[in-house]
Protein chains: 2
Amino acid sequence: MALADETRWDILGRLGEQPSSASALARELPISRQAIVKHLEVLRAVGLVESHRRGREVVYEPLGHRLDEIARELERIGAEWTRQLGLVKRLAEGSP
Amino acid sequence: MALADETRWDILGRLGEQPSSASALARELPISRQAIVKHLEVLRAVGLVESHRRGREVVYEPLGHRLDEIARELERIGAEWTRQLGLVKRLAEGSP
DNA sequence: ACGACGTGCAATCATGGAGTTGCACATCGA
DNA sequence: TCGATGTGCAACTCCATGATTGCACGTCGT
């Protein structure tokens, strides 16, 4: 999942504090710029951030409404998992 | 995560319907017995199933109370994720 | 006692994801 | 204009994990 990675969360959090470029993030994080670029590509693929080119640099920033949507999606998935667990439990305990 | 795998869910579901052994499951599923054994080891490691040896076979079955606990854990993790997303959103939108 | 069945262990393979490195190209600023 | 900075692309490594195969060994039923 797009948010299963710790570094990805870190990046998203920093973008929340201030939109920035891959190179700028690479200066703050212990990983290479390219690694960060790949994370940003994932975040952009799921619509959590958008990018604007400004001169020679590309600035990324979070997308508010998508954050909401993803949050709801996460809750839905979580609910589904617990629902399925409940189902297994009922089966395991032989209740109707 | 222990429940991220589709096959693992499948196995857990089948065990809910009826406790069974790795070999028995291997007859129903399209994967090898050893692959199933590994899934069962994971499920047992997180406490979702327990195993009893009966003669030459080892029977696995789900653990009701642990299913509840895991469900609660999942909800907690989901809630945490959405909370963090909300945090990013607030930061991104510059609200206090 | 013997074959069939179930398990345990170890080696091996394939795949995907995170990360790195090197290089070419574009843009900024002095 | 020229060096510094930022980006894009591609090839590569590393590692976790799902899966397979082969073999030894214990257990069951006849």
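## Close-up views of a predicted model

**View 1. A strand pair in chain B.** B:S20 has B:Y60 of β3(B) standing opposite. This is a predicted model, and here we look at how β1(B) and β3(B) come together: the two are paired in the antiparallel sense, over two bridges.

**View 2. Where a helix of chain A meets a helix of chain B.** Helix α4 (residues 64-92) of chain A packs with helix α1 (residues 6-17) of chain B at an angle of about 30°, and their axes are 7 Å apart. Angles under 35 degrees count as roughly parallel, which makes α4(A) roughly parallel to α1(B). On the α4(A) side, the contact is made by A:Q84, A:V88, A:L91 and A:A92; α1(B) brings B:W9, B:L12, B:G13, B:G16 and B:E17. By class, these contact residues are five nonpolar, three polar and one charged.

**View 3. The surroundings of DNA strand C.** Here 19 residues surround DNA strand C, and the closest are A:S32, A:G55, B:S21, B:S23 and B:E57. Two or more residues each come from α3 (33-45) of chain A and from α2 (22-28), α3 (33-45) and β3 (57-62) of chain B. The largest share, four residues, belongs to α3(A). This surface has eight polar, six charged and five nonpolar residues.

Terms used
Residues are numbered from 1 along each chain as its sequence is written. Chains are lettered from A and ligands numbered from 1 in the order in which they are written. This is a predicted model: local features need pLDDT of at least 70, side-chain atom pairs count only at pLDDT 80 or more; totals for chains, interfaces and linings use all residues. A residue is near a molecule or strand if its C-beta atom, placed from the backbone, lies within 6 Å of it. Ala, Val, Leu, Ile, Met, Phe, Trp, Tyr, Cys and Pro count as nonpolar, Asp, Glu, Lys and Arg as charged, and the others, Gly among them, as polar. Axes are lines fitted to C-alpha atoms, for helices over the stretch in contact, and angles run from 0 to 180 degrees between N-to-C directions. Angles under 35 degrees count as roughly parallel, over 145 as roughly antiparallel, 65 to 115 as roughly perpendicular and the rest as oblique. Two residues are in contact if their C-beta atoms, placed from the backbone, lie within 7 Å. Two strands pair if DSSP finds at least two bridges between them.
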